[in-house]
Amino acid sequence: MEYFFQQLINGITLGSVYALIALGYTMVYGIIQLINFAHGEFFAAGGYVGVIFMSYLLSQGAPVWVCLSGSLILAMAYCAMLAMAVEKVAYKPLRSSSRLSVLLSALGMSIFLQNGLMLTQGVYDKAYPSEITQGGFEFGSVMLSYMQLFIVSLTAFLLVALNFLVFKTRIGKAMRSTAQDKIMSALVGINSNRIISLTFAIGAGLAAAAGIMVGLYYGSVRYDMGFVPGIKAFAAAVLGGIGNITGAMIGGFIIGMVEIFAAGYISGEYKDVFAFVILIGVLYFRPSGIMGENVDDTRV
């Protein structure tokens, strides 16, 4: 049972990361029916901004909480602006084009951003400061590190804040209206272009926070680190019901838990396979996802 509880903690931690990334996929799809395959690169860019800024603040003698909060705010803001720029350059001119054209543009932007990270940051891993990630609580042989507690707590805060924004504010109402009917929302005074850019910015900001979490948890970041987690987060969004925010959260936690338990009880060599097995199964047996959204009636 102690091993089970340890794996449960690890699964919740990993699922938190997938949930944050999956929200970006599902929000963008919900509002413009686009699978943004460049989303994983925002996750990687956030990890790099975090390690650069965090290392600088620590070298200046800043407290740990200042390093964490400052790095998170800066990384989320940077990736939000980057996502808005990507949307203006790569997606907005193609809104009236075929789905295939937009999909190819998304794939091209993903390659462009990944190679941009490689050229600017190098091909080698960049290590996070190890002094921030030390310590934790021990319950027998079960270990709950401070970093795991930080990841889960921050994820819970961000998920609650996002739900409040989408379902309890005028901006959220505008987002849901734009997702439902862009023409009618424009007739009542909603600037759909601004709402779409805001949606990209929010999704990228959440991905940036996840990038810092992963960098702190595993100790380093790499220029191509966004690809595999991005695909798994996409599987989580499909599992939960693409376009459904609650479904993306649930799907992220399910993917994380399945991956950790399968790696712990079956084989760690195939841990990356299980997410894709789930994706194939969902697409075959329940294409609308566990939240039951109809693809033609997707809402944010």
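Buried means under 20% relative accessible area, exposed over 50%, and partly exposed in between, using a 1.4 Å probe and protein chains only. By that scale, Gln-33 counts as partly exposed at 23% relative accessibility. Welcome to a predicted model, in which local features need pLDDT of at least 70 and side-chain atom pairs count only at pLDDT 80 or more, while totals for chains, interfaces and linings use all residues. Residues are numbered from 1 along each chain as its sequence is written, and side-chain values use heavy atoms, with hydrogens and water left out.

**The loop at Gln-33**
- Gln-33 sits in the loop between α1 (2-32) and α2 (39-59); helices (H or I, at least four residues) and strands (E, at least two) are DSSP runs, numbered from the N terminus.
- Although Gln-33 is not a glycine, its phi is positive, at about 55°.
- Most residues other than glycine have a negative phi.

**The nonpolar core**
- A nonpolar core is a set of buried Ala, Val, Leu, Ile, Met, Phe, Trp, Tyr and Cys residues joined through side-chain atoms within 4.5 Å.
- The largest one here has 87 residues, and those touching the most other members are Leu-23, Phe-43, Met-54, Tyr-91, Leu-162, Phe-200 and Leu-216.
- Helix α8 (residues 192-218) supplies the largest share of this core, with 14 residues.
- Leaving aside neighbours within four places in sequence, the contacts (heavy atoms within 4.5 Å) of Phe-43 include Val-17, Ile-21, Ala-207, Val-214 and Pro-229.

**Ser-71 in helix α3**
- Ser-71 belongs to helix α3 and is buried, with a relative accessible area of 0%.
- A polar atom of the Ser-71 side chain lies 3.4 Å from the backbone nitrogen of Met-54.
- Not counting residues up to four places away in sequence, Ser-71 touches Gly-50, Phe-53, Met-54, Val-66 and Ile-212.

**Arg-95 between two helices**
- Arg-95 lies in the loop between α3 (64-91) and α4 (99-121), where its relative accessible area of 32% makes it partly exposed.
- Beyond its neighbours within four places in sequence, Arg-95 is in contact with Glu-87, Asn-193 and Ile-196.
- From C-alpha to C-alpha, Arg-95 and Ile-132 are 44 Å apart in space and 37 residues apart in sequence.

- Strands β2 (residues 136-139) and β3 (residues 142-145) run antiparallel and are joined by 4 bridges; two strands pair if DSSP finds at least two bridges between them.
- Phe-137 has Leu-144 as its bridge partner in β3.
- The hairpin leaves 2 residues between β2 and β3, and Gly-140 in the turn has a positive phi of about 70°.

Notes: Polar contact = N/O pair within 3.5 Å; in protein donor to acceptor, adjacent residues only side chain to side chain.
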